[in-house]
Amino acid sequence: MIKFFLMVNKQGQTRLSRYYEHVEIHKRTMLEAEVVKHCLSRSKDQCSFIEYKDFKLVYRQYAALFVVVGINETENEMAVYELIHNFVEVLDKYFSRVVSETSNLLQNISSLSEPWLL
């Protein structure tokens with residue numbers, strides 16, 4: 001089961017967040033900071049799956065944008081990894097030519113003055 005979905009930039013700013021379980025705002029902020037720290041500290045050669053507390057993190061990097069999904073222990077990491085890519089492809093269709101010009105997506109998302117809560 002998916003616990004949360006985050007889109008963050010390389011500066012660690014959350015651009016989009018969606019939680020599927022109730023988490024208090026204060027705890028969300030702490031959780032996002034720790035999750036981003038773990039993802040940003042990893043090299044591109046390392047695996048995109050991280051064991052973290054009582055769940056797993058699955059992330060993908062698109063230029064300066066990280067898409068991070070928190071899942072429980074029973075969820076299939078590869079399926080979630082593919083889900084992230086499909087999500088970005090949908091954004092590509094909606095915003096036109098995003099994947100081939102990833103910087104446009106980043107500019108659209110990074111230019112948001114406030115994070116989006118779904």
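This is a predicted model: local features need pLDDT of at least 70, side-chain atom pairs count only at pLDDT 80 or more; totals for chains, interfaces and linings use all residues.
**Notes on the helix, hairpins and pocket**

1. Residues are numbered from 1 along each chain as its sequence is written, and side-chain values use heavy atoms, with hydrogens and water left out. Helices (H or I, at least four residues) and strands (E, at least two) are DSSP runs, numbered from the N terminus.

2. H1 has 16 residues and reaches 22 Å from its first C-alpha to its last. That is close to the 22 Å expected at 1.5 Å a residue (1.5 Å times one less than the number of residues).

3. S1 and S2 pair (at least two DSSP bridges) in the antiparallel sense over five bridges, and Phe 5 stands opposite Arg 18 in S2. Their hairpin has four residues between the strands, with Gly 12 at a positive phi near 85°. S2 (residues 14–19) is mostly covered, as five of its six residues are buried.

4. S3 (residues 49–52) has Ile 50 and Tyr 52 on a covered face, and Phe 49 and Glu 51 on an uncovered one. Four bridges join S3 to S4 (residues 55–62) in antiparallel fashion; Glu 51 has Lys 56 in S4 as its bridge partner. Two residues separate S3 and S4 in their hairpin, and Lys 53 in the turn has a positive phi of about 50°.

5. The largest pocket holds about 310 Å³ of space. Of its 14 lining residues, Val 23, Lys 27, Leu 31, Lys 53 and Phe 55 are the closest to its centre. A pocket here is an open set of points on a 1 Å grid over the protein atoms alone, where a 1.4 Å probe fits, with protein on both sides within 12 Å along at least five of seven lines; lining residues have an atom within 4 Å of a point. Grid points are joined across faces, edges and corners, and the volume is the space filled by probe spheres set on them. H1 gives the most to this lining, with four residues.

Note on methods
Buried means under 20% relative accessible area, exposed over 50%, partly exposed in between (1.4 Å probe, protein chains only).
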